[in-house]
Amino acid sequence: MVMTVLEARVAPQNQQKLVDSYTSNIKKLDPGIVQTFLAAGTDDRTLWRILTVWEDRKALESMRNSGTPPRGVHQLITARCGRFCALHVSFPTVHGNGTP
């Protein structure tokens, strides 16, 4: 499995835009996405992350090569977050949520 993390600072007046955009976009997940989460910071209320778990690196690369910007990036732009960073991490084995 592969996890991508988009991280951005979102001004308080734009946070509901991010929540609304995220909520409407997760009703139907893109092919290859296993789970996705929107997480707000606890110490820093302006720090937000979109964490997405992909079936494998091939599914992630397929989305990246599709020519369509990732939905998470669009959601951060909609929330007018300004600058953000992205990273991805590969996991050979993942346990949790009923996964053996």
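How many of the 100 residues of the protein chain count as buried? I looked it up: 31% do. Buried here means under 20% relative accessible area, exposed over 50%, and partly exposed in between, with a 1.4 Å probe and protein chains only.

The model is predicted; local features need pLDDT of at least 70, side-chain atom pairs count only at pLDDT 80 or more, and totals for chains, interfaces and linings use all residues. Residues are numbered from 1 along each chain as its sequence is written, and side-chain values use heavy atoms, without hydrogens and water.

Confidence next. I found a mean pLDDT of 80 for the protein chain, with 77% of the residues scoring at least 70. pLDDT is the predictor's confidence in each residue, from 0 to 100.

Then the layout. I count three helices and four strands, in the order β-α-β-β-α-α-β from the N terminus. These are DSSP runs numbered from the N terminus: helices are H or I, at least four residues, and strands are E, at least two. Strand β2 has the highest mean pLDDT of the elements (92), and strand β4 (residues 84-90) the lowest (58).

I picked T36 in strand β2 (residues 33-40). Is T36 buried or exposed? T36 counts as buried because its relative accessibility is 17%. A polar atom of its side chain lies 3.2 Å from the backbone oxygen of L51. Leaving out residues up to four places away in sequence, I list Y22, I26, L29, I50, L51 and T52 as touching T36. Contact means heavy atoms within 4.5 Å.

Key:
A polar contact is a pair of N or O atoms within 3.5 Å; within protein, one must be able to donate a hydrogen and the other to accept it, and residues adjacent in sequence count only if both atoms are side-chain atoms.
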